[in-house]
Amino acid sequence: MIQFDAVHKRFPNGTTAVHDLSLEMPEGGVTVLVGSSGCGKTTTLRMINRMVEPTSGTIKVNGKDVTQQDAAELRRSIGYVIQQAGLFPHRTVLDNIATVPLLLGWNRKRARARAAELLETVGLAADAGKRYPHQLSGGQQQRVGVARALAADPPVLLMDEPFGAVDPVVRTQLQDELLRLQKELNKTIVFVTHDVDEAVRLGDRIAIFRTGGHLVQCAPPAELLARPADDFVADFLGAERGLKLLSLQTLAAVPQGPAPRGGDWTLVLDPAGKPLHWSSKETELPVRPLKDGDSLLAALNESIASPSGLVARVDADGVLTGVSSRDDIHVHAGQAHSAARVVAA
Amino acid sequence: MTIDWSWIGDHTDDLASLTLSHLQAAMTAVFFGLLISLPLAVVAHRVRPLRGFLLGLSNVLFTIPSIAIFVLLLPISGLTRTTTVIGLTVYTLVVLLRNTVEGLDSVPAKTKEAAKAMGTRPLRTLLTVELPLALPVIMAGVRIATVMSISLVSVATYIGDGGLGQLFTDGFQRDFPTPVIVGVVLTILLAVVADALLVALQYVLTPWRRRRA
């Protein structure tokens, strides 16, 4: 667990970057710090591994005050991932990943073996290990950055806009990978971003900062979206925050019935029972079947896109289990939204 | 102007030892130049107020005429190889210091930041991150300093040293062009070969710059 207690940071030029911050970041959870630029979110992150020293207040990592520890040793015990990876251009990928183990005094063979193992963990091919960073794509470099941060198996991971410089498709992949990794590794992660969608996707808790280093609200994403503390938070989350809330709920609880027969639109299946397309007398239109684990937002979207207003539901193998109507999805979405409000209250 | 080939044949041993002595004077100067420049460059790179002073000082030293330096050194180190090397070293400083400072400046802030955030202490960061990344710019300075020193060694003929430069005075005094021509050719050859070796050395030392994707 990471605890901030009345932490204040004023830079020598007089600007206050962080104002009287008290915040707990729970163990094994992802805490996302969001806010527009200059709101103190990065400064907050950097105070955890003493890249920035607080002016007053205390920061404890797993109960120990960070300022009471040797700065270099503290940093070796905390993983750090930065934008555009910040890899060492003169070291091979393998040696980049082995950085912290080598600093901790592991022998080269053991450090490289560990690095090779991590290449696989972050989804890179083994032959990438011998390359230099400039020979990799941006997304691959970012994976190496994550592997490097994980090398010495630190309990805490700091991530400073790690996926800010890659294109949206790769960014989504990297976010998925991070969620998958986190399920296995259960690290205490502090993640800085200015992207609300990224925060909602990744965060167990989201802390919203306002210019001048004020923490405005810190809550789980559903609570934040359902009950923003003030207009600033509501504006920051955007006009579609109701829809974003639906992205956190799954389709599982929405009732389903048998696929219709003899209407204007027929759902055509292949011999195995997998939906192929919607068919009418005149034409065929594509179908996008959803699984129980897909979000209500995806269901709402498909209910609008589907020509019949019905959403095809499939099991893990892609075999049709039934259909859900536009009305059922809409009603359920409304209920989910008000439920989130009540829970939050 | 004709070349007396038999003179060359008669003096191969002398020519070899002069060439070796010439090279030795130049390389020793570059070696000490680097030894002095590296710590000064680190200071100039880290302590901004000292930067202008140190670079300015190396510029001023460079403007002193070479013969004057040797004359000034005579009371201290006399007519010796030491005087030659000290004089040449002073001249290498202007290039080596400036290039080393620029090399250190060229290391991306992001990379140094990453080293620090991983828990690398400052000295280790300097030795394992900053200097390797500054190497191409430093080596560019070493190449210039080497070629410059090789051409300057001859000036030390005035204090009885000077390697291949002795061939020039010998040729002039006897109005005999062969040693002069041989001296010029050997000096140029020495400079070209030394430069090529340094390029090869840099290639070996910077494997990450070879295969640009």
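View 1. An unreviewed UniProt entry lists residues 20–41, 53–73, 79–97, 133–160 and 180–205 of chain B as "transmembrane region". Such annotations may be inferred rather than shown by experiment, and the positions follow the numbering used here. The model is predicted: local features need pLDDT of at least 70, side-chain atom pairs count only at 80 or more, and totals for chains, interfaces and linings use all residues. Residues are numbered from 1 along each chain as its sequence is written, and chains are lettered from A in the order written.

**View 2. Two of the listed spans.** Residues 180–205 of chain B are 100% helix and 0% strand, with end C-alpha atoms 37 Å apart. For residues 133–160 of chain B, the span is 71% helix and 0% strand, and the end C-alpha atoms lie 41 Å apart. Helices are DSSP runs (H or I, at least four residues), as are strands (E, at least two).

**View 3. Helices α2 and α9 of chain B.** The axes of α2(B) (residues 12–46) and α9(B) (residues 177–205) cross at roughly 45° and come within 11 Å. Axes are lines fitted to C-alpha atoms over the stretch in contact, with angles from 0 to 180 degrees between N-to-C directions. That makes α2(B) oblique to α9(B); oblique covers what is left after under 35 degrees (roughly parallel), over 145 (roughly antiparallel) and 65 to 115 (roughly perpendicular).

**View 4. Contact between α2(B) and α9(B).** B:Leu15, B:Thr19, B:His22 and B:Leu23 in α2(B) meet B:Val182, B:Leu186 and B:Leu190 in α9(B). Contact requires C-beta atoms, placed from the backbone, within 7 Å.

**View 5. Chain A against chain B.** Here 18 residues of chain A are in contact with 16 residues of chain B. The largest share of chain A's side, 4 residues, comes from α2(A).

How values were computed: Two residues are in contact if their C-beta atoms, placed from the backbone, lie within 7 Å.
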